[in-house]
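Welcome, and take a moment to look around. Below you will find the sequence and the structure, followed by a short tour.

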Amino acid sequence: MKNLSDELKNTLKKPKYNKTYKEIVDSVLNDATVKQFIKDHSDDLDESAVNHSMSKLFEFVKENNKLKNNEVTTIPGFEPILVVNNGMIDISYVPTNEQKEKIKLKKIKKRITTVSIPKSIRDAGINDFDYKENNSRILAMRRISLFIRDYDESPKKWHQGTFLTGRFGVGKTFLMGAMANELAKKGHLVSFIHFPTFVEEMKKMISNDGFFKSVDSIKRSPILIIDDIGSESMSSWVRDNILGIIMDFRMQNTLPTFFTSNLTMDEFEEFLSENNKGDEEPLQAKRIMQRVRFLSKEVEIGGRNRRPQ
């Protein structure tokens, strides 16, 4: 990276640049920010501070002007500020407001663990959810908003989740994504998994430690959103050794759990009772549904299909 201070020092050593030097000094000392800084810190600066710090002042003015003119700076994303260092004037670089927002957003995104969730959902905002179309959407929005408020106030208390059921494309996943982002902004950790894809990934890891680590991480998540459950072909093994393990742990530890599904709770129980081989296993299904019903309240959401046709 080009060092502007060294560049100016080398330039000023050449006699033919004396006129240029005077012009530079005049422009630097007439800069409003520089003048105000010298005035505000006159008691902290040595008598020779301005002359000895001229290269730093030049660097500051040049970089500051780039920012004002929307030009690329020497350190993109950072802006110069003047500081006093051992009686001399020095420069420190701090993040711009835009860079601060990027850093803030990055920290927020790190609080959400996702598995195969589309970018449009990962960027969903709670204010972008269209809840005025009908009463079911108003009620769903109200329940999610209350959860965000109550959980943020008392995260250690037991807060029941929601089983969002509704037709394809009405915005169930979008609302869950918006909730996840709001909670992350408030500093809370959320796991958001597309269940059919998560199951396929777990099947590939069954022979190594990755399977146990992934299931363990998901089951322990402070807030868990299981998206699109009931749309996959579920074997008895998946039901009992993935979903069952997750549900058992979360019920025992009263951890908030959310679901989205095209099925109602009753339909989901029927779905669980028949494995992919066609065998009926109602007792196993009922056992898991007891946990699902404890962890979440069924809320139906209606409306038009919002997905591109």
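Phe195 is buried, with a relative accessible area of 0%, where buried means under 20% relative accessible area, exposed over 50% and partly exposed in between (1.4 Å probe, protein chains only). Phe198 is buried as well, at 2%. Both residues sit in helix α10, three residues apart, or about one turn of the helix. Helices here are DSSP runs (H or I, at least four residues), numbered from the N terminus, while strands are E runs of at least two.

A word on the model itself: it is predicted, so local features need pLDDT of at least 70 and side-chain atom pairs count only at pLDDT 80 or more, while totals for chains, interfaces and linings use all residues. Residues are numbered from 1 along each chain as its sequence is written, and side-chain values use heavy atoms, leaving out hydrogens and water. The mean pLDDT of the chain (the predictor's confidence in each residue, from 0 to 100) is 87, and 93% of its residues reach 70 or more.

The structure holds nine aromatic pairs. Rings of Phe, Tyr and Trp (its six-membered ring) pair if their centres lie within 6.5 Å; planes under 30 degrees apart count as stacked, over 60 as edge-to-face and the rest as tilted. Here are two of the pairs:

| Pair | Distance of centres | Angle of planes | Class |
|---|---|---|---|
| Phe195 and Phe198 | 6.5 Å | 35° | tilted |
| Phe211 and Trp237 | 5.7 Å | 35° | tilted |

Phe211 lies in helix α11 and Trp237 in helix α12 (residues 236-252), so this pair ties together parts that are 26 residues apart in sequence. Phe211 is buried at 5% relative accessibility, whereas Trp237 is partly exposed at 33%. Elsewhere, one aromatic cluster is formed by Phe163, Phe259, Phe268 and Phe271.

How do α10 and α11 meet? The axes of α10 (residues 195-205) and α11 (residues 209-219) come within 8 Å and cross at roughly 145°. Axes are lines fitted to C-alpha atoms, for helices over the stretch in contact, with angles from 0 to 180 degrees between N-to-C directions. From α10, Phe198, Met202 and Met205 are in contact (heavy atoms within 4.5 Å) with Gly210, Phe211, Ser214, Val215 and Ile218 of α11.

Finally, visit helix α9 (residues 172-185): 12 of its 14 residues are buried, so the helix is largely enclosed by the rest of the structure. Among those buried residues are Lys172, Asn181 and Glu182. Just after α9, Gly187 takes a positive phi of about 95°.
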